[in-house]
Amino acid sequence: MAVATLWASPSAPGSEDRLALGVPSAVRDWVARLTSDVRAHGLKGRARTQCLLGTEVAVERIEDLWAEVTCPRQETSGWVPLDQLVNPADDGHAGAEHQVVATATAVRDEPGGDVLIPGVTLGTRLRVVGEDYRGWVPVSLPGPQQPGWVPGRDLSAEPLDAGRDEAPATSMIACGLDAVKLAQQMLEIPYLHGGISAYGIDAPGLVWIVYRQLGIDVPRFNEPLAGTGDEVEFDDVLPGDLVFFEHGGDSFLPAIVAERGQADLPEVIFASPVYGKVVIESIKDSELGTITACRRLRSRG
């Protein structure tokens with residue numbers, strides 16, 4: 001599965017969600033067919049989050065054709081169709097972990113061969129398990145069929161554990177600027193409550209996937225995200241820092257600081273349920289009173 005949605009219960013999906021329940025799941029088409037109101041509000045209480053290809057989950061119980069699973073990386077749980085799960089491969093941790101940097105790619109059964117897993121999205125982590133062959137790279141898959149092949153250009157040039165010996169100050173600055181560049185690449189992606197992919201994403205999901213691409217794991221949800229990293233004053237925020245707003249009953253809607261531009265107040269990038277997509281805009285004077293926290297995430301190293 002390229003993207004699997006974790007639901008609040010087996011009965012949570014409606015008829016309009018059937019495209020998200022298949023194998024493979026047609027997440028792009030599912031999101032495209034939902035109205036902006038459903039993406040922003042209609043999935044609340046029904047969809048909790050999503051998991052990308054290769055995410056390890058623990059099965060807590062099985063009920064009919066559904067499995068209740070716990071996702072340790074996101075510190076949450078939910079229900080998925082049973083056939084969207086596979087047992088992990090014995091050598092699933094072998095090889096250097098790289099990241100998908102293309103908006104989407106596909107895993108094939110051989111270089112240039114038939115598609116095994118379509119729609120593998122930005123930020124997915126894949127382990128390279130062999131040498132490049134004419135621009136194709138073998139990667140470990142979570143199931144029994146090994147390996148899969150993806151275009152080398154769609155993966156990060158270096159493993160995720162590279163560069164850990166950088167000087168902390170230099171790494172901190174570079175990390176913030178890189179976060180802004182990655183967030184800018186995601187402008188216009190549709191807002192999707194519970195989403196973490198390039199097909200649809202919510203506000204904390206944007207932060208989660210941007211920093212995941214930098215090899216930094218942060219909390220998936222708003223409130224714990226507002227408590228991570230270091231507290232900073234609003235007047236001292238730098239590109240890549242997080243500003244949290246009180247919005248629509250949520251006390252900690254996160255946005256990524258971009259730059260100050262021509263105005264005194266900085267621009268921020270965030271997944272907006274109001275605009276229905278990822279946007280960039282300057283903070284308004286009227287919004288200063290709604291800021292509830294400012295945080296600087298610690299760079300790796």
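Mentor: Before we start, a polar contact is a pair of N or O atoms within 3.5 Å; within protein, one must be able to donate a hydrogen and the other to accept it, and residues adjacent in sequence count only if both atoms are side-chain atoms. This is a predicted model, in which local features need pLDDT of at least 70 and side-chain atom pairs count only at pLDDT 80 or more, while totals for chains, interfaces and linings use all residues. Residues are numbered from 1 along each chain as its sequence is written, and side-chain values use heavy atoms, with hydrogens and water left out.

Trainee: What makes the link between D154 and T105 a polar contact?

Mentor: The side chains of D154 and T105 are joined at 2.6 Å, and the cut-off is within 3.5 Å, so the pair is called a polar contact.

Trainee: Why is D154 said to have no salt bridge?

Mentor: A salt bridge needs a side-chain nitrogen of Lys or Arg within 4 Å of a carboxyl oxygen of Asp or Glu. For D154, which is buried, the nearest side chain of opposite charge is R153, at 4.1 Å; here Lys and Arg count as positive and Asp and Glu as negative, while His and the chain ends are not counted.

Trainee: Why is E68 called buried, and what is R61 called?

Mentor: Buried means under 20% relative accessible area, exposed over 50%, and partly exposed in between, with a 1.4 Å probe and protein chains only. E68 has 19%, so E68 is buried, whereas R61, with 44%, is partly exposed.

Trainee: What makes D217 and R125 a salt bridge, and where in the chain do they lie?

Mentor: Their closest N and O atoms are 3.1 Å apart, which makes the pair a salt bridge. The two residues are 92 apart, with D217 in the loop between α4 and α5 and R125 in strand β9; helices (H or I, at least four residues) and strands (E, at least two) are DSSP runs, numbered from the N terminus. At 48% relative accessibility D217 is partly exposed, and R125, at 10%, is buried.

Trainee: How do you know that β15 and β16 pair?

Mentor: Two strands pair if DSSP finds at least two bridges between them, and five bridges join β15 to β16, which run antiparallel.
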